[in-house]
Amino acid sequence: MSCPRIEVDLAKIRRNTHTLVKRLGPRGIGVTGVTKAVCGHPAIAQAMLDGGAVGLADARISNVQKQRAAGMTGPITLIRTPMISQADQVVQSCEVSYNTETLVISALAAAAIRTGKVHGVVLMVEMGDQRDGILPENLADIAQQVMQMPGVALKGICANFACLNGRAPTASQMSALCDLANEIEGVCGPFLKIVSGGNSANLPWALGERATGRVNDLRLGEAILLGVEPVSGDRIDGMHTDAFTLVAEVIETDAKPPPFPIALIDPTRERLRIVTASRASARMILAMGHQDTDILGLSMPFGSTLIGATSDHLVIGTARPLPKVGSEVRFQMNYNALMHAMAAPDIEVKLLGDPPTRLSRRTRGKVEHLALV
Ligand SMILES: *Cc1c(COP(=O)(O)O)cnc(C)c1O
């Protein structure tokens with residue numbers, strides 16, 4: 001098997017999705033599976049659908065196009081406001097996109113009219129993350145403009161939290177979002193189909209004590225893929241945290257560390273796992289480096305510590321018996337490491353835990369698969 005590679009356990013992704021679908025369902029919240037961290041990988045997207053996700057979402061049109069090319073025909077939402085230069089592609093591949101700019105929405109409307117379609121628009125509201133979004137006081141005005149544009153249909157509103165500022169949403173921010181949904185309906189008339197509350201950072205709120213109001217959708221990537229809640233980094237109860245494993249090959253071993261001091265990786269990025277070489281009794285060098293993944297996002301194997309990395313080499317100290325040259329070392333990844341590794345050209349993605357999924361023509365979850373695993 002080729003190295004480095006990412007082994008993906010599709011059954012665990014399916015089960016993680018299903019666990020969240022089951023917990024959020026009684027609260028009136030559906031799960032949209034977010035595939036951007038895995039570059040839209042169609043089989044992983046399908047595992048989310050098989051686990052009960054009602055639809056898919058991605059930030060990049062190129063990822064959505066991969067899913068369409070693989071035969072996925074269900075609803076896919078673009079959750080980054082479209083580049084105006086890609087308006088035609090967005091209308092062609094996505095039923096719905098998240099939007100913050102009227103200029104972009106007009107371009108989508110024009111593209112939709114040219115192809116005889118109606119493109120769905122969800123307006124992103126800025127609720128404190130200070131990334132993308134329309135200020136709440138401007139929302140009603142923009143919603144009315146969208147209502148008047150042929151070629152687009154106002155489908156809902158959404159908010160996003162904890163991406164730029166790292167802060168989880170509060171209950172009062174969430175109820176403000178619900179109030180905005182009511183206000184927009186008061187002004188514009190139609191029933192807003194989608195009130196999408198946020199991402200994996202919303203799970204503590206969504207599964208907490210309080211009522212979840214009008215929020216009927218969450219867009220979940222990290223929680224499904226890695227089984228963790230992003231703000232705390234804690235494992236979510238009952239979820240698999242090892243659906244992905246990064247495997248790299250040992251290319252050199254040194255029973256004794258070099259007698260001279262070595263430069264450690266950038267101290268400004270220092271994290272707990274970095275130690276001086278002298279503390280490790282032996283070292284191994286793996287054929288993987290910064291070009292492949294976020295090295296600081298790897299959890300080191302038991303008894304091992306990260307000494308440093310360069311573009312193509314990873315140096316690890318170990319207190320355990322040295323593996324042979326040619327043997328493999330396995331790592332778990334955090335979100336950053338996963339995202340970079342999935343995009344790295346030299347890393348093979350190996351699907352495990354399942355016969356290769358035959359992509360269903362439908363995108364609704366086929367939960368009966370769960371019985372097989
Ligand atoms: C990335 C992203 C998500 C998913 O975030 P996770 O933390 O992976 O759940 C949801 N919504 C938007 C707008 C995003 O950009």
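The side chain of lysine 36 places an N or O atom 2.7 Å from an oxygen atom of the ligand, a polar contact in the sense of a pair of N or O atoms within 3.5 Å. The model is a predicted one, in which local features need pLDDT of at least 70, side-chain atom pairs count only at pLDDT 80 or more, and totals for chains, interfaces and linings use all residues. Residues are numbered from 1 along each chain as its sequence is written, and side-chain values use heavy atoms, with hydrogens and water left out.

| Residue | Protein part | Ligand atom | Distance |
|---|---|---|---|
| Lysine 36 | side-chain N or O atom | oxygen | 2.7 Å |
| Asparagine 160 | side-chain N or O atom | nitrogen | 3.4 Å |
| Glycine 221 | polar backbone atom | oxygen | 2.9 Å |

The protein buries 95% of the 390 Å² that the ligand exposes when taken alone (Shrake-Rupley method, 1.4 Å probe). Around the ligand stand 13 residues, of which Lys36, Ser200, Arg219, Gly221 and Glu222 come nearest; a residue counts as near if one of its heavy atoms lies within 4 Å. By class, this shell comprises five nonpolar, four polar and four charged residues, with Gly counted as polar.

The volume of the largest cavity is about 30 Å³. Its lining, made of residues with an atom within 4 Å of a point, includes Ala59, Arg60, Ile61 and Leu78. Five nonpolar, two polar and two charged residues make up the lining of the largest cavity.

Note on methods
Polar contact = N/O pair within 3.5 Å; in protein donor to acceptor, adjacent residues only side chain to side chain. 1 Å grid on protein atoms, 1.4 Å probe; cavity = no way out; pocket = protein on both sides within 12 Å on 5 of 7 lines; lining within 4 Å. Points joined across faces, edges and corners; volume = space filled by probe spheres on them.
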